[in-house]
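Visitor: Please take one part of this model and look at it closely. Then set that part against the rest of the chain.

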Amino acid sequence: NCNRYTFHVDIPVTVMVNAAGQALLRDGLVKGKRVFSLTADYLFGHDLAKAAKNFFTTNGANLIGDELVATDVTDFSPYLLKIRQARPDIVASNLAGNQVTNFVKQYAEFGLPYPIAGFNLNTADAWAAGEGNLGGIWPTVWHHDLDTPGSKAFVAAFRQKYGKPPENHAWIEYVSLKMMAQAMSETKSTDTDKLIAYFEKETQFDILKARKGYFRSWDHQLMQEAYP
C-alpha cells in the first residue's frame, strides 16, 4: 500500500472547490446560474471537475457545457468562441498549471464579460498571467500576504534572501521540511515506521496559518485552511 508511505501537503480537490464555492455562494453566483466549464484532460482535472460539478448541482446551478482541454493546448480561442456562443452566467476553470496562465490571458484579450471562477491556482500561474489579466474567484493554499506571525517571518526571510516574495510551492517546501524535522526530533528517529506512526497520531503542526494542520490518519491528507 504505497499510500502508507505518502503524505499529501497539497489541498484535496474538494477543499479547493469548497473554498472558492463558498465565495461564489456569498456573491450569488451559483443558484439558478448557467455554468460553462473547461477541464484539464487528465486525472487531476477530471477529479477537480467531478468535485466542481457536484458542488454546482448540489447548490442549484445549471451546467450548460464542459470542454475537455488537452494538456498541450496553448491556443484557447476555439474554447473562447464556444463560451461566447453559449453566453453563460459564469465560466468555471478546472484547468491546471500553464493552462490557467494561457487561458486567463486570452480570456482578458477576448474581453468576454462573464465572471470567472477557478478551482485550482498556484501563485506562479497567477503572476505569469500578467497584471490585470487574472480576475474572478479562485482558491489558494497559501499567500505571501497572509496575516499571521509565522507567515510574515517566513516571507520577510525569503524576501531578504531572494529579493522577491515566495509563491505557494516555496511555502509547501518549507512547511514540509519543518514537519519532517519536528517528527524526527520528537521521535528521536529517522525510521520510516516510527515517523509514519507519529504523523498518523494526527499530530498538529504550525503551517504558518491561523490554525495548525495535521495529517488525517486514514488517507494522509494534510487538513488545513484554504482561502478564496
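**A loop residue and its setting**

Guide: Q221 has a relative accessible area of 16%, so Q221 is buried (under 20% relative accessible area; exposed is over 50% and partly exposed lies in between, with a 1.4 Å probe and protein chains only). The model is predicted: local features need pLDDT of at least 70, side-chain atom pairs count only at pLDDT 80 or more, and totals for chains, interfaces and linings use all residues. Residues are numbered from 1 along each chain as its sequence is written, and side-chain values use heavy atoms, leaving out hydrogens and water.

Q221 sits in the loop that joins β5 (214-215) to β6 (222-223). Helices (H or I, at least four residues) and strands (E, at least two) are DSSP runs numbered from the N terminus. Apart from residues up to four places away in sequence, Q221 touches H8, D10, P12, Y214, F215 and R216, where contact means heavy atoms within 4.5 Å.

Another loop residue is W142, placed between α5 (123-128) and α6. W142 counts as buried, at 0% relative accessibility. Beyond four places in sequence, the residues touched by W142 include F154, V155, P166, W171, L208 and K209. The C-alpha atoms of W142 and Y227 are 7.4 Å apart, although 85 residues separate the two in sequence.

W142 also belongs to the largest nonpolar core, which has 42 residues; L24, F56, F119, W142, F154, W171 and M179 have the most contacts inside it. Such a core is a set of buried Ala, Val, Leu, Ile, Met, Phe, Trp, Tyr and Cys residues joined through side-chain atoms within 4.5 Å. Two or more residues of this core come from each of α1 (13-26), α2 (43-58), β3 (90-94), α6 (149-162), α7 (168-187) and α8 (192-200). A separate, second core of 21 residues includes L38, V100, F103 and L121.

For the whole chain, eight helices and six strands are found, in the order α-β-α-β-α-β-α-β-α-α-α-α-β-β. Of the 228 residues in the protein chain, 45% are buried. Where contacts join residues at least 6 apart in sequence, 68% link residues at least 24 apart. Along its principal axes the C-alpha trace spans about 60 × 40 × 35 Å.
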